Amino acid sequence: MSAIDGLPPLRVVIAEHGLSARKSLGQNFLLDLNLTSKIARQAGDLSGCDVLEIGPGPGGLTRGLLAEGARKVLAIEKDARCLPALAEIAAAYPGRLEVVEGDALQVDPLQHLSPPIRIAANLPYNVGTELLVRWLTPRDWPPFWQSLTLMFQREVAERIVAAPGSKAYGRLALLAQWRADARIAMSLPPEAFTPAPKVSSAVVHLTALPAPRYPADPKVLEHVVARAFNQRRKMLRAALKGVAPDIEDRLLAAGIKPTDRAEQVPLEAFCALARAVAEG
């Protein structure tokens with residue numbers, strides 16, 4: 001990989017720029033360029049796409065995305081220490097890498113990108129879930145992105161693809177599977193990272209559906225699902241108390257038994273409940 005782009009190995013880059021990973025920023029660096037290239041390939045054919053990357057760090061995945069032919073990569077990086085290393089990559093790929101220093105929760109990527117757009121990132125652990133929920137719950141659909149190829153802790157990845165009745169089934173599974181096809185594309189052991197985290201990781205690939213599987217207002221659905229799973233051991237009539245004054249009637253209207261627990265309820269029924277709540 002380093003021979004392909006003429007840039008030094010990542011261990012050398014990290015040493016030259018003093019880029020020790022910071023726990024406060026949720027950083028765990030992937031140093032194997034064969035792995036970062038493999039992750040980039042999970043995003044599909046990038047030749048006609050702009051790609052949004054969050055938290056590029058020293059640029060391992062960035063190099064993979066560019067080498068795999070991304071038309072342009074927008075890399076949003078909060079850690080100013082990484083900017084010189086990313087500038088070296090930008091110089092090696094003239095006009096194809098734009099680096100924005102800032103918080104991914106604050107930057108509007110649409111000011112920098114043109115469709116079609118895909119998102120690919122080894123997400124910082126401390127903002128990964130919040131970003132995913134934001135990307136899955138815009139009011140208008142389809143979203144600005146075609147697909148998401150994202151690294152998470154293995155536990156989070158399993159929650160995204162979980163089926164009803166499973167221990168991992170919850171808010172993330174419902175929001176992801178409502179509007180996208182989601183699958184685990186590959187797994188990575190802790191020793192693939194520097195520093196090695198205490199848990200395994202996995203890459204999840206989500207493809208945006210043309211329309212949601214079932215009609216529902218995204219804000220209402222997110223609110224109902226969050227309340228239901230925040231107290232998942234309770235019966236839904238208790239967990240959702242306060243969502244609507246006649247919540248039992250609304251549960252019944254959606255085909256849900258008030259005595260059911262959240263993990264028993266499939267996506268279609270939650271969407272029906274969100275519609276029943278919104279109509280009231």
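**Helix and core, in questions**

Biologist: Which residues of α9 are buried?
Modeller: This is a predicted model, and in it I looked for residues of α9 that have under 20% relative accessible area, the cut-off for calling a residue buried. The residues of α9 that count as buried are Pro218, Leu221, Val224, Val225, Ala228 and Phe229.

Biologist: Which residue caps the N-terminal end of α9?
Modeller: Helix α9 runs over residues 218-230, and its 13 residues reach 18 Å from the first C-alpha to the last, close to the 18 Å expected. At its N-terminal end, a side-chain oxygen lies 2.9 Å from the backbone nitrogen of Lys219, and the residue that provides this oxygen as a cap is Asp217.

Biologist: What arc do the buried residues of α5 cover around the axis?
Modeller: In helix α5, which spans residues 83-92, the buried residues are Ala85, Leu86 and Ile89. These residues lie on the same side of α5, because they cover an arc of only 95°.

Biologist: Against which elements do the buried residues of α5 pack?
Modeller: Here we ask which elements have heavy atoms within 4.5 Å, the cut-off for a contact. The elements that the buried residues of α5 pack against are α2 (10-17), α4 (60-67), β3 and β4 (97-101).

Biologist: Which element gives the largest share of the largest nonpolar core?
Modeller: The largest nonpolar core has 35 residues, and those with the most contacts inside it are Ile54, Leu132, Trp135, Leu150, Ile160 and Leu206. Several elements give two or more residues to this core, including β2 (50-54), β6 (147-153) and α7 (154-161). The largest share, five residues, comes from α6.

Biologist: Which residues is Leu150 in contact with, leaving aside its neighbours within four places in sequence?
Modeller: Leu150 is one of the residues with the most contacts inside the largest nonpolar core. With those neighbours left aside, the residues in contact with Leu150 are Ile119, Ala121, Leu123, Leu132, Trp135, Ala202, Val203 and Val204.

Biologist: How many disulfides does the count come to?
Modeller: A disulfide is a covalent bond between the sulfur atoms of two cysteines. For a pair to count, the sulfur atoms must be within 2.5 Å. By this rule the number of disulfides is zero.

Note on methods. Residues are numbered from 1 along each chain as its sequence is written. This is a predicted model: local features need pLDDT of at least 70, side-chain atom pairs count only at pLDDT 80 or more; totals for chains, interfaces and linings use all residues. Side-chain values use heavy atoms; hydrogens and water are left out. Helices (H or I, at least four residues) and strands (E, at least two) are DSSP runs, numbered from the N terminus. The expected span of a helix is 1.5 Å times one less than its number of residues. Buried means under 20% relative accessible area, exposed over 50%, partly exposed in between (1.4 Å probe, protein chains only). A polar contact is a pair of N or O atoms within 3.5 Å; within protein, one must be able to donate a hydrogen and the other to accept it, and residues adjacent in sequence count only if both atoms are side-chain atoms. A nonpolar core is a set of buried Ala, Val, Leu, Ile, Met, Phe, Trp, Tyr and Cys residues joined through side-chain atoms within 4.5 Å. The arc is that of the directions from the helix axis to the C-beta atoms.
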